[in-house]
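Please look at the sequence and the model below, and keep them at hand while reading.

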Amino acid sequence: MQFHHHGYVSTDPRIQEVAGCGIDRPAEIPEEVDVLIVGTGPAGMILGAQLSQFPDITTRIVEKRPERLAIGQADGVACRSVETFQAFGFADDLIREAYRITESVFWGPDPHDRNNLVRTARTKDDPHGISEFPHLICNQARVQDKFAEVMENSPTRMTPDFGLKFVDLTVADEGDYPVTVTLNRTAGEREGDDLTVRAKYVVGCDGARSNVRRSIGRTLDGDSADHAWGVMDILAVTDFPDIRTKGLITSNEGGNILLIPREGGHLFRLYVDLGVMSGKDSAAIRQTTPEESIAIAQRIFHPYTLDVKHVAWYSVYEVGQRVTDHFDDVPNDMIGRRTPRVFITGDACHTHSAKAGQGMNVSMQDGFNLGWKLASVLRGLAPESLLDTYSGERQPVAQKLIDFDKEWSRMMGAKPMDPEHPELGGVDPEEFQNFYVQTFDFIMGFSTEYELAPLTASADHQNLAGGFPLGRRFHSAPVVRVSDANPIHLGHHATADGRWRIYAFADTRVPGGKSAVADWADWMAEAAESPVNRYTPEGAETDAVFDVKVVYQGDHTEFDAIDAPEIFLPRRTPFDLIDYEKVFATDPSDDIFDARGIDRSGAVVVVRPDMYVSAVVPLSEPDKLAAYFDTIMLPQTAAAPAHA
């Protein structure tokens with residue numbers, strides 16, 4: 001974390017100086033806003049946290065509840081989400097608080113007595129080291145609290161507006177604030193009163209029964225699996241040996257259980273199989289009581305005992321997979337002819353079973369994807385057409401999730417196959433275990449691949465950095481910061497501030513003399529067509545839009561950070577201080593060039609503000625870097641070269 005550059009700071013450095021719309025922020029929601037977010041679920045809160053960083057954008061987030069969420073339904077936090085939390089500054093806090101999954105166990109019928117359970121397999125949670133971050137279990141409410149802290153500490157001092165329910169909206173063909181929203185007060189002295197807010201953009205993060213989705217004429221389409229599950233967070237005494245390990249338990253006749261240990265060391269969640277819903281039985285299954293679900297769980301755990309002492313939360317849900325065909329308000333016959341004004345995220349546009357732990361995780365990536373794009377457009381850095389890419393990128397991700405969830409739910413709800421009577425059907429336990437292992441990268445959020453042009457460039461030069469696949473998340477690796485010899489992960493230096501990251505992997509061990517990276521650095525600093533000079537607003541700091549870093553192939557002891565070209569040593573206002581934290585050397589114990597398949601001739605890797613690789617180009621062809629940004633950004637007022 002960097003601070004003191006505006007002067008000495010003795011208070012919490014996470015609390016940023018108030019600025020822009022945060023100064024004298026009105027308690028009441030204003031009549032006109034840039035972005036109105038409806039709903040404080042995971043998608044809404046990450047979107048709010050992202051937009052709160054921009055004091056020149058007026059964002060408000062409304063919630064029909066009168067106060068913060070106390071108990072959330074979601075609990076699984078994928079590694080990709082923890083990577084995202086790192087960019088918002090609270091990954092370490094949540095890791096300390098959460099339960100960490102390191103193994104999963106599988107239990108099935110004992111071959112000698114199929115009425116009893118035996119452990120059939122153990123699997124490592126991340127056997128291939130897909131991420132340096134862990135797979136966590138944590139209450140959704142605490143995740144949302146962390147995003148709320150980011151908002152409160154931001155320059156805008158943003159906080160949710162509770163007690164306001166979305167009623168309806170209309171979109172005009174013109175005007176600075178074309179979306180007119182009707183809200184209703186659900187709490188306080190004026191409960192029941194309506195109010196009107198006009199917005200440039202509205203984002204519906206209001207769940208599966210989304211009224212924002214309804215207002216733009218979108219529908220959730222798909223199937224229901226007609227299978228019900230009782231879900232409960234409980235405190236219990238049991239002799240089941242793996243009660244503190246994530247477990248997938250399939251009994252012979254009694255049904256199945258997904259066991260999820262919770263944070264705190266004592267609480268755990270059970271997804272209890274209530275069976276297929278059909279005909280007159282459907283209503284009765286929906287009314288299954290906690291006591292009835294506990295009794296079913298006790299039968300499934302046989303011969304182990306389960307003495308439930310306290311039920312902290314309970315619900316019955318039906319498995320269903322549904323998705324909308326488009327995630328914004330542009331009619332299908334107008335796609336490409338007008339830009340969107342209203343967007344939907346999370347459960348408002350895709351629903352699925354809870355057992356794969358994807359709901360909160362995928363929803364947050366919806367919000368992260370949209371947030372930087374809205375900020376870029378509202379700040380005049382990119383054309384409105386950038387907003388078309390939100391639905392174009394996220395809808396295929398949701399459809400892929402639906403397809404995965406159908407197969408996962410089928411396996412979870414099936415009887416285990418009896419090896420002596422395979423003709424009776426069921427799922428082979430080994431097939432179930434293999435499916436879990438083989439789809440781990442999907443479950444952890446790492447299978448997302450954005451292919452949509454122009455945001456994702458052509459793969460002509462992918463061979464220069466094979467370990468940074470285009471369209472995939474930037475897979476961090478260790479480096480050494482030259483200025484202070486600190487070993488760090490390169491990706492951990494990126495923050496959720498809306499900036500692009502441009503990593504120059506040098507063709508030389510040290511700076512100085514003639515090299516491709518030196519020529520490239522000169523071009524970045526001096527050429528009019530350089531992205532830094534072409535797209536950075538006049539008067540802004542050199543790295544206000546592009547965070548440019550360099551990694552040399554040598555040991556950090558072979559040179560000094562100050563030896564690097566000036567583009568890697570930007571200045572900080574108001575005292576013109578040098579930022580020394582953008583010059584790196586390889587870690588001798590884990591060379592990033594080898595670990596990520598980077599060609600020793602060097603390469604430039606471009607990473608979007610939401611941490612996805614969007615271009616790989618040679619150091620020797622900077623014109624290709626210029627051409628990439630020409631397709632997605634707006635030139636700014638002519639500014640002096642970065643280091644004239």
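The dialogue that follows takes up cysteines and then a domain interface. This is a predicted model, in which local features need pLDDT of at least 70 and side-chain atom pairs count only at pLDDT 80 or more, while totals for chains, interfaces and linings use all residues. Residues are numbered from 1 along each chain as its sequence is written, and side-chain values use heavy atoms, with hydrogens and water left out.

Student: How many disulfides does a search of the whole structure find?

Tutor: A disulfide is taken here as a pair of cysteine sulfur atoms within 2.5 Å. Over the whole structure, the number of disulfides found is zero.

Student: Is Cys205 buried or exposed?

Tutor: With a 1.4 Å probe and protein chains only, buried means under 20% relative accessible area, exposed means over 50%, and partly exposed lies in between. The relative accessibility of Cys205 is 8%, so this residue counts as buried.

Student: Which residue forms a salt bridge with Arg269?

Tutor: The rule asks for a side-chain nitrogen of Lys or Arg within 4 Å of a carboxyl oxygen of Asp or Glu, and across the interface of domain 1 and domain 2 it finds one salt bridge. For Arg269, the closest N and O atoms of the pair are 3.5 Å apart, and the partner is Asp75.
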